[in-house]
Amino acid sequence: MPPAADTSSTFQVTIEPSHRTFTVSEGESLLAGGIREGINLPYGCKDGACGSCKCKKLSGSVVHGPHQAKALSEDEEAQGFVLTCCATAESDVVLESRQVTAEGAFPIKKMPTRVTLMEKKSDDVIRLLLQLPAHEPFKYHAGQYIEFMLAGGLRRSYSMANAPHTLAAGNLLELHIRHMPGGQFTDVVFGSMKERDILRIEGPYGSFYLRENSDKPLIFLASGTGFAPIKALIEHMQFANITRPVTLYWGGRRPADLYMTDWVTARLAEMPQLRFVPVVSDALPEDGWTGRTGFVHQAVLQDIPDLSGYQVYACGAPIVVESAQHDYIRAGLPVDEFYADSFTSEADRTTLTSA
């Protein structure tokens, strides 16, 4: 008896205005197909929670899996917007995405790493150094992230806090881990994890990296450990001698949340184009805080009410990133000059709606 015919379908996805194309299998998300074929579309959480992968569908038919309404509302879906991380094709599809890269993405690899340093930077932040295998080169853009591959198929995402060129000094990845009480991964990091432990990672992922085909002044906006990929961007700028003016706005609830201001101060002495504005929202009298107060994204607007000539890179808590995007576009920032990495937690990811 002859074998059954393969009835699975494939569809072509075209990205405009770059004219790049790739194929997706039936049931495969548009984003997964793009990543598999080296087409680097914008994305963040890959779980329908952050909205970073949202783009306009110009033609074709897709169906969405579970996602958050704040990432894609019913009105936006009716207008033809899609979340590529959870949309699957039902026909050939044409999308509009101006952030797609002209070059192939770096290959995504799985590999073991060894914990070589656990340095507590504050009560709830640990700086983690991971030793990469010497025989397996790992390439990434400053600002991208890796995923830890945990037991039971769980994954947790963290941005590299060091630029790629620093690997030459010891093949070490730097991560900043904030303790989320009750978190299946961070409870281990702050509890039983020890140096020399082996962890498996996969990456690089993400479309949060510096676009170098522009000379616009830069605003780096970070909340909490959203500073990690911003640190990598600053290191890359210094290494590559990128002299565009850049202002770092870093916000936290208490001064201790700005856990590496000494590192920033050292860079200020070496990079004349860099400015630093620390912002604290909930300082207590015993903190002795005399700097800027309030919400960090609003501090940007207080200083620069017209953002039409700027490029913004925002990273950290979803509420900060979402508020910044909304308010900055109203202040004249071009939509395609806002780049973001929203640190969605498992709590963010579980509040999903079904299509």
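A residue is called buried when its relative accessible area is under 20%, exposed when that area is over 50% and partly exposed in between, as computed with a 1.4 Å probe on protein chains only. By this criterion Gly48, with a relative accessibility of 2%, counts as buried. The glycine belongs to the loop between helix 1 (30–36) and strand 3 (54–59), where helices (H or I, at least four residues) and strands (E, at least two) are DSSP runs numbered from the N terminus. Between Gly48 and Val300 there are 252 residues in sequence and 28 Å in space, C-alpha to C-alpha.

The structure is a predicted model, in which local features need pLDDT of at least 70 and side-chain atom pairs count only at pLDDT 80 or more, whereas totals for chains, interfaces and linings use all residues. Residues are numbered from 1 along each chain as its sequence is written, and side-chain values use heavy atoms, with hydrogens and water left out.

The protein chain contains 8 helices and 19 strands. Its radius of gyration, taken over C-alpha atoms, is 21 Å, close to the 20 Å that the globule rule gives for 355 residues, so the chain is as compact as a globular protein of that length; the rule itself is 2.2 Å times the number of residues to the power 0.38. Along the principal axes, the C-alpha trace spans about 80 × 50 × 40 Å. Of the 355 residues in the protein chain, 48% are buried. Among contacts (heavy atoms within 4.5 Å) with a separation of 6 or more, 69% are made by residues 24 or more positions apart.

A search of the whole structure finds 13 aromatic pairs. Rings of Phe, Tyr and Trp (its six-membered ring) pair if their centres lie within 6.5 Å, and planes under 30 degrees apart count as stacked, over 60 as edge-to-face and the rest as tilted. One of these pairs joins Phe227 and Trp263, which are edge-to-face with 6.0 Å centre to centre and 75 degrees between the planes. Because Phe227 lies in helix 4 (residues 227–239) and Trp263 in helix 5 (residues 261–270), this pair ties together parts that are 36 residues apart in sequence. Phe227 is buried at 0% relative accessibility, and Trp263 counts as buried at 13%. The rings of Trp250 and Tyr259 have centres 5.2 Å apart and planes at 85 degrees, so this pair is edge-to-face; Trp250 and Tyr259 are buried. An aromatic cluster is formed by Phe208, Phe220, Tyr313 and Tyr339.

Ser207 occupies the loop between strand 13 (198–205) and strand 14 (218–223) and is buried, with a relative accessible area of 7%. When residues up to four places away in sequence are not counted, Ser207 touches Leu41, Pro42 and Tyr43. Arg196, in the loop between helix 3 (186–189) and strand 13, has a positive phi of about 85 degrees although it is not a glycine, and this arginine is exposed, with a relative accessible area of 61%. A positive phi, of about 55 degrees, is found for Asn241, which is not a glycine. Asn241 lies in the loop between helix 4 and strand 15 (246–252) and is exposed, with a relative accessible area of 62%.
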